[in-house]
Amino acid sequence: MKGDAKLWIFLGLGLLSAALLAGLPSGMLASERLPDLGGRTVRVAVENAYIPFNFVDDETGQAAGWDYDAVGEICKLLDCKPEFVQAGWDGMITAVAKGEYDMAADGITIKPERAQLVDFSQGYLTLQQVLLVRAGEDRFSNAEELASAAGLKVGVQSQTTNYDVAAGLVESDRLVAYRTFPETVRALVAGDVDAVVMDDVAGQGYVGKDADKVKIAAGEPLTAKEELGFIFPKGSELTKAFDVALDSMRDDGTLQAINNKWFHGISE
């Protein structure tokens, strides 16, 4: 009888454990339940100049973009209140490292040298770099032809991975650096530069907005695949919390729905 009792107790505990696990979000263990941030305010640095991640809508005058939707959904899961603060890209990573912001959401490529200053979330989107050109461009059709066409200028945002790629494509005297992506694209449309190096998802955002003015050049992407992540001060408790929330959003389809809205169906 004692043996039978132990068996029934063991089976009962197993069923109870299974029931508890079944109540958790798909793909999550008990140790990875969504943290509760208790309604705290999270200061989020954004550039408001990086279509389609974050920008000010010309028609409504309101800030919008993937970052606003994604961080908003994450905060719903974690019980936090996002406070988006406009900040320049050139000092954003350093400002987060110093704790001036709780995090930054600005389509930031995960790179080892940056990870020495800040903590990255898990990657939430994979992309490659491409050339954006004017819609009627017929002097070159791809990066190789652009590189061999002496005198043609390449516009790029300074202090970005895009700048690094452009510097490897053409000589320094053919590079024109700008402070923001909108300035770079305006220079392209105006004819001040002949091409712009940018992330493919951002390029699609500009094409979707101004298909009669710009297009993505043909040919292979300029880089291998890269991942984007949110950044946080070193040791921030928000890093793990946001990772768990991103996992939950992948499981229930929320992350893909936001990608479909802003990136025309691009998956992670």
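Is D90 buried, partly exposed or exposed? With a relative accessibility of 42%, D90 counts as partly exposed (buried is under 20% relative accessible area, exposed over 50%, partly exposed in between, using a 1.4 Å probe and protein chains only).

Before you click on, note that this is a predicted model, where local features need pLDDT of at least 70 and side-chain atom pairs count only at pLDDT 80 or more, while totals for chains, interfaces and linings use all residues. Numbering runs from 1 along each chain as its sequence is written, and side-chain values use heavy atoms, with hydrogens and water left out.

**Stop 1: salt bridges**

Helices here are DSSP runs of H or I with at least four residues, strands are runs of E with at least two, and both are numbered from the N terminus.

By the salt-bridge rule, the count comes to 15. Select K111 and E113 for another, with the closest N and O atoms 3.4 Å apart. E113 is partly exposed at 44%, and K111 is partly exposed at 22%. Then pick R134, E137, R139 and D194, which are linked in a network of salt bridges.

**Stop 2: helix α9**

Show D247 and R250, a salt bridge whose closest N and O atoms are 3.7 Å apart. These two are three residues apart in helix α9, so about one helical turn separates them. D247 has 32% relative accessibility and counts as partly exposed; R250, at 26%, is partly exposed too.

**Stop 3: aromatic rings**

Now turn on the aromatic side chains. The structure holds 12 aromatic pairs (rings of Phe, Tyr and Trp, the last by its six-membered ring, pair if their centres lie within 6.5 Å; planes under 30 degrees apart are stacked, over 60 edge-to-face, and the rest tilted). Zoom in on F232 and F242: the ring centres are 5.4 Å apart and the planes are at 70 degrees, so this pair is edge-to-face. F232 sits in strand β14 (residues 226–232) and F242 in helix α9 (residues 238–252), 10 residues apart. Both F232 and F242 are buried.

**Stop 4**

Three strands make an open, antiparallel sheet in the order β2-β3-β4 (strands pair if DSSP finds at least two bridges between them). At the edges are β2 (49–50) and β4 (63–64), each pairing on one side only. Strand β3 (residues 54–56) is joined to β4 by two bridges, and V56 stands opposite A63 in β4.

Next, colour helix α2, residues 66–78. Its buried residues are W66, D67, Y68, A70, V71, G72, I74, C75 and L78. Just after α2, look for D79, which takes a positive phi of about 60 degrees.

**Stop 5: T109**

Finish in strand β6 (residues 103–109), where T109 lies. T109 counts as buried at 5% relative accessibility. Leaving aside neighbours within four places in sequence, T109 is in contact with R114, F120, T161, E226, E227 and L228 (contact means heavy atoms within 4.5 Å).

Definitions and conventions
The expected span of a helix is 1.5 Å times one less than its number of residues. A salt bridge is a side-chain nitrogen of Lys or Arg within 4 Å of a carboxyl oxygen of Asp or Glu.
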